[in-house]
Amino acid sequence: MSEADTRSGGALPEGAHTDFAGRVSYAGYLDLEQILGAQRPLSDEHDELLFIIIHQASELWMKLVLHELKAARDCIRADDLRPAFKMLARVSAIQTQLIQSWSVLSTMTPADYLKFRDVLGHASGFQSHQYREIEFFLGNKNAAMLRPHAHQSDTHDALRAVLDAPSLYDEVILMLARQGFLIDDTVTKRDWARPYAADDSVLKAWAAVYRDTQTHWGLYELAEKLVDLEDSFQQWRFRHLKTVMRIIGFKRGTGGTAGVSYLEKALEYRFFPELWDLRTEL
């Protein structure tokens with residue numbers, strides 16, 4: 001302890017480590033030098049740092065969302081549902097964090113944003129490849145959405161692979177078929193790159209699960225976890241819509257989309273349609 005520390009009465013908590021030569025430190029483990037050095041505003045405007053950090057943090061959360069969704073998919077493929085429940089619940093909890101991030105961004109006024117909007121050029125969240133991968137993974141398949149990533153072959157090819165593979169919900173439906181539910185071949189042998197359309201045989205399977213929850217408790221719990229997931233995802237989309245409306249009104253987005261009207265259209269899509277339709281069916 002230095003003489004200055006002694007005079008001020010300062011003392012470390014007993015046992016606290018201070019020598020990190022050759023050892024893993026907090027900053028080193030988290031690679032904080034790189035993370036905290038990744039915010040490079042293109043203007044001198046105060047609010048641009050807020051804008052950058054919100055979007056960078058969202059990308060980190062989306063990285064974790066994909067990690068959890070892929071692990072849940074693997075469990076479902078193996079008919080091992082219990083670990084998948086925790087993973088899907090975690091994704092819903094992450095979505096809660098993402099929803100709250102819009103409240104922070106909403107502290108930026110239209111006047112604040114207009115001071116640095118031009119430096120963004122055509123950069124836009126619309127071009128987020130992780131967001132697009134989540135959409136594809138959950139079943140919102142649209143090959144045209146690959147085009148903004150054509151300039152990055154690795155990203156484009158990775159997204160193409162997700163587009164061509166069964167979605168999370170496709171894997172769930174295939175599991176229903178494995179467990180003896182009568183699912184039409186038009187569903188189980190379809191082109192995975194095509195958008196999923198609600199099917200009566202799938203609706204009947206879920207209705208059977210909900211009418212006898214004791215027999216099908218695992219599938220029942222899985223269904224509710226999926227509903228939670230879509231509910232939280234739609235809330236995130238809605239908060240995005242309202243934040244955009246609050247800050248830029250009905251202007252076009254920097255990525256060239258129609259802005260608010262584009263986001264309104266996205267709210268109409270349902271990832272797991274039969275799980276919502278059966279509420280009326282039961």
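What is the volume of the largest pocket? In this predicted model, local features require pLDDT of at least 70 and side-chain atom pairs count only at pLDDT 80 or more, whereas totals for chains, interfaces and linings use all residues. Residues are numbered from 1 along each chain as its sequence is written, and side-chain values use heavy atoms, with hydrogens and water left out.

The largest pocket has a volume of about 1100 Å³. Its lining comprises 41 residues, of which Phe51, His55, Ser124, Gly125 and Phe126 are the closest to the centre. A pocket is an open set of points on a 1 Å grid over the protein atoms alone where a 1.4 Å probe fits, with protein on both sides within 12 Å along at least five of seven lines; lining residues have an atom within 4 Å of a point. Grid points are joined across faces, edges and corners, and the volume is the space filled by probe spheres set on them.

At least two lining residues come from each of α4 (48-77), α5 (81-105), α7 (129-138), α12 (217-248) and α13 (260-266), and α4 gives the largest share, 9 residues. Helices are DSSP runs of H or I with at least four residues, numbered from the N terminus. The lining of the largest pocket contains 21 nonpolar, 15 polar and 5 charged residues. Ala, Val, Leu, Ile, Met, Phe, Trp, Tyr, Cys and Pro count as nonpolar, Asp, Glu, Lys and Arg as charged, and the others, including Gly, as polar.

The second largest pocket holds about 520 Å³ of space. Among its 14 lining residues, Ile35, Gln56, Ala57, Glu59 and Leu60 lie nearest the centre. The largest share of this lining, 8 residues, belongs to α4.
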